[in-house]
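Please open the structure in the viewer and keep the selection panel at hand.

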Amino acid sequence: MIEIEHSAHSDAPRSRVWKKLAALERWHEWGPWTKTTFDCETRTMVGDRKKLTGQPYVMKERVTKLEPEERFEYDLLSGLPVRNYHAVVTLTDAGGGGTDIRWRASFNPPWPIAGGLWRGAMLKVIRDVSERLAAAS
């Protein structure tokens, strides 16, 4: 199991950051997706990055926990070859004002020998997403 984490800071209050994070069908407005939809349990996101085939990545996620203004958890159901992907996003008030965003994820790589490559690739994703969330809030 690989575990990764990134922290970002937003000058916005936690309520404003949560409003962006909890609007599950609108992540394409600030994240690296061209379209997001949500149907009660499963969110589908079409990535702005393309596979080698030229087709966009289409990821499906299930929200497993929503604690308003504090915690968001989800599992990746499909779209990437990683297994057992689970992520936890927590928001806390920052000491000097604003909000600290902590994005943690764990997963099994598709091929254990390439675990280091997957760690780096997935860390880049959560770093980009958490920084975009911070900037958009």
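How many bridges join strand 6 to strand 7? In this predicted model, strand 6 and strand 7 run antiparallel and are joined by nine bridges. Select Leu91 to find Ile101 of strand 7 opposite. Then move to the turn: five residues lie between the two strands of this hairpin, and Gly97 there has a positive phi of about 105°.

Next, select strand 5 together with strand 6. These two strands pair in the antiparallel sense over five bridges. Phe72 stands opposite Val89 in strand 6. The hairpin of strand 5 and strand 6 has four residues between the strands, and Gly79 in this hairpin takes a positive phi near 115°.

Now select Tyr85. Leaving aside its neighbours within four places in sequence, Tyr85 is in contact with residues including Tyr74, Leu76, Ser106, Phe107, Met122 and Ile126.

Is Ser106 buried or exposed? Ser106 is buried because its relative accessible area is 17%, which is under the 20% cut-off. Beyond its neighbours within four places in sequence, Ser106 is in contact with Met1, Ile2, Glu3, Asn84, Tyr85 and His86.

Note on methods. Residues numbered from 1 in each chain as written. Predicted model: local features only at pLDDT ≥ 70, side-chain atom pairs only at ≥ 80, totals over all residues. Heavy atoms only, no water. Contact = heavy atoms within 4.5 Å. Buried < 20%, exposed > 50% of the residue type's maximum accessible area, 1.4 Å probe, protein only. Pairing = 2+ DSSP bridges.
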